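User: I would like to go through this model by its helix contacts, cores and strands. Please show it.

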Amino acid sequence: EENVSREYLKVVDELNLNEDEAESSQQEMFNALDQLTNIKSNSSRLLAEREASKTSLSEIETRILFIDEKLAEQNTVKEQISKRASNLSAQNKEQLDVVLKGKLETNRVQDELSHLEREVQNRGTKIQVYENRKRIFEEMQAEHEGYAGSVKKLLKEAERNEQFSKKMVGVLASLITVPEKYETAIETALGNALQNIVTKDEHDAKSLIEFLKERQFGRATFLPITSMKPRNLSQEEKNLLRTDGCFGIAKDLISFDSSIDNVIANLLGATVIVNNLDTAIKLAQNARFGFKIVTLDGDVINPQGSMTGGSKKSEAVNLISRDREIKTLGEEIEKLKELFATGDEKIKAKKQELATLIKQFEFISAKQKELEVEIAKENEKLLKIDIAVNGFNIFSHQLPIIPASFLSVENCTFPTGASSSI
């Protein structure tokens, strides 16, 4: 009986154990069914999300394609604009060089014009000065300024009376032409003889003297051509003149009519002109003071050995140089007038040239400014394109990234103990 009881208890225990295991298995089955239900629910949700993601991905791909196309388009446009801007910049640089050259050329012509205008103005001023000076000399000549009163009376009477004028050849100063270099020396050599009246013969001289006496006009010296005896140097004395600083015999250094040769030979045929007093002294010693020697400054060594020098008056020189001054001034005035007219024509031409250059400069400057405006517009376009490209890049970076694994349910992981296929 004890054995039977033990067997019975053993069977009961096994039955109880089996019931517990059955209950546990049943609970596990219920749990697995719950998990399967959840998996099915999640699977449906994931499938729905996958379909939605596929639609979203298609839209994203479409947007990305649109963005890529726009970026390519903008890059193409940007490249074209950059190339155009680069060409415009090159043109602008060339145009700037042209503008600079035009400015320099305009300034050069302006300077030349200013220089010409100053030259013409100076010439105009010089013409006025010369004309005034010439008029003064002509008035002095007309009024016989510088001559003694008696000589003036004779000259005035000769102007009024033709028969009277025939008795006079002229005043010595008006009958000779002296190079400017020798004016002082000749004036000194002749002294008061410059105002002497040259006549054809002694009878005419006598008639003029009587005229002065009758009217009490004073005294004058007359030089009748027929009575004047020439004075000349000997050949030996002429040989001494071959020395440095000696210009020659005074008579040979001036110009005059051959009809008064005797008069000039008498007054200057034995007078020698030298450069300075040292030469004069040396020559006088060699010639044993045999003739008059006069320097360019008007210093004199007389045949007897006396010497005269010092400061000089210009009044007598004016008697000699007056005709030359009038003639020279007249020639200078004519030259200046020609230069003035030529300069005036040059000014007109230069003004025309300047006006043309200014017009050209304004044109090329306007072109250069237009280029700068075009360059600014192209740069503005480039800036807008860069902004647009940056906007596209920012937008593309903001698009969501969906992993490929998310689009496949087969890759989903299920809990342990549950089957993936129902």
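Analyst: Two strands pair if DSSP finds at least two bridges between them. Helices (H or I, at least four residues) and strands (E, at least two) are DSSP runs, numbered from the N terminus. This is a predicted model, in which local features need pLDDT of at least 70 and side-chain atom pairs count only at pLDDT 80 or more, while totals for chains, interfaces and linings use all residues. Residues are numbered from 1 along each chain as its sequence is written, and side-chain values use heavy atoms, with hydrogens and water left out.

User: Which residue in E8 does Thr271 stand opposite?

Analyst: E7 (residues 271–274) and strand E8 (residues 292–295) pair in the parallel sense over 4 bridges. In E8, the residue opposite Thr271 is Lys292.

User: Which residue in E7 does Cys246 stand opposite?

Analyst: Strand E5 (residues 246–249) runs antiparallel to E7, and 3 bridges join them. From E7, Thr271 and Ile273 point one way and Val272 and Val274 the other, and all are buried (under 20% relative accessible area, with a 1.4 Å probe and protein chains only; exposed is over 50%, partly exposed in between). The residue opposite Cys246 is Val274.

User: How do the axes of H2 and H6 lie, roughly parallel or roughly perpendicular?

Analyst: Axes are lines fitted to C-alpha atoms, for helices over the stretch in contact, and angles run from 0 to 180 degrees between N-to-C directions. The axes of H2 (residues 149–160) and H6 (residues 202–215) come within 11 Å and cross at roughly 110°. Angles under 35 degrees count as roughly parallel, over 145 as roughly antiparallel, 65 to 115 as roughly perpendicular and the rest as oblique. That makes H2, relative to H6, roughly perpendicular.

User: Which residues touch the most other members of the largest nonpolar core?

Analyst: A nonpolar core is a set of buried Ala, Val, Leu, Ile, Met, Phe, Trp, Tyr and Cys residues joined through side-chain atoms within 4.5 Å. The largest has 43 residues, and those touching the most other members are Leu172 and Ile186.
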